[in-house]
Amino acid sequence: MSELKQAGDPLSRVFQALADPTRRGILERLSAGPATVGELSEPFDISAPAISQHLRVLETSGLIERSTRAQWRVCTLRPEPLDAATDWVERNRALWQQKFDRLDDVLADIRPGHADPTDRGRTPRSKE
């Protein structure tokens, strides 16, 4: 895995962390409860340094917290950054839906018999 340049703002770091399927898999596992680094790495066929890099990205984004219990490094899911990402998506979903609704209205107004605006050489047909 190549070194990933971290995004500057917290929301971008969350989306950057979520962009990778391995990191999403780690988060899915952590949704069941805390896990050691070894437990998190089991299902993935990647090196220990690669897992460590994924965990670093997740920790930097605020999506996980790492702690030490005896000789174990334990990771815990922190859902608050996901709440911020969900809020952003929901706000923008409403805006996108409004735009699609307006497009649907425009397309509904286009009926057979109307002139094709891209056909400049012909005389427009009359409305039926």
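Along the sequence the protein reads α-α-β-α-α-β-β-α, a total of five helices and three strands. Helices (H or I, at least four residues) and strands (E, at least two) are DSSP runs, numbered from the N terminus. This is a predicted model, in which local features need pLDDT of at least 70 and side-chain atom pairs pLDDT 80 or more, while totals for chains, interfaces and linings use all residues. Residues are numbered from 1 along each chain as its sequence is written, and side-chain values use heavy atoms, with hydrogens and water left out.

Whole-protein values are as follows.

| Quantity | Value |
|---|---|
| Buried share of the 128 residues (buried: under 20% relative accessible area, 1.4 Å probe, protein chains only) | 25% |
| Share joining residues at least 24 apart, among contacts between residues at least 6 apart in sequence (contact: heavy atoms within 4.5 Å) | 48% |

Helix α1 spans residues 10-18, and its buried residues are Arg13, Val14, Gln16 and Ala17. These lie on the same side of α1, because they cover an arc of only 165° around the axis, taken from the directions from the helix axis to the C-beta atoms. Their cover includes α2 (21-30), α4 (48-60) and α5 (80-109).

Arg66 belongs to strand β2 (residues 64-69). Leaving aside residues up to four places away in sequence, Arg66 touches Ser52, Leu55, Arg56, Glu59, Arg73, Val74 and Cys75. With Glu59, the Arg66 side chain forms a side-chain polar contact of 3.1 Å; a polar contact is a pair of N or O atoms within 3.5 Å, one able to donate a hydrogen and the other to accept it within protein, with residues adjacent in sequence counted only if both atoms are side-chain atoms.

Technical notes
Buried means under 20% relative accessible area, exposed over 50%, partly exposed in between (1.4 Å probe, protein chains only).
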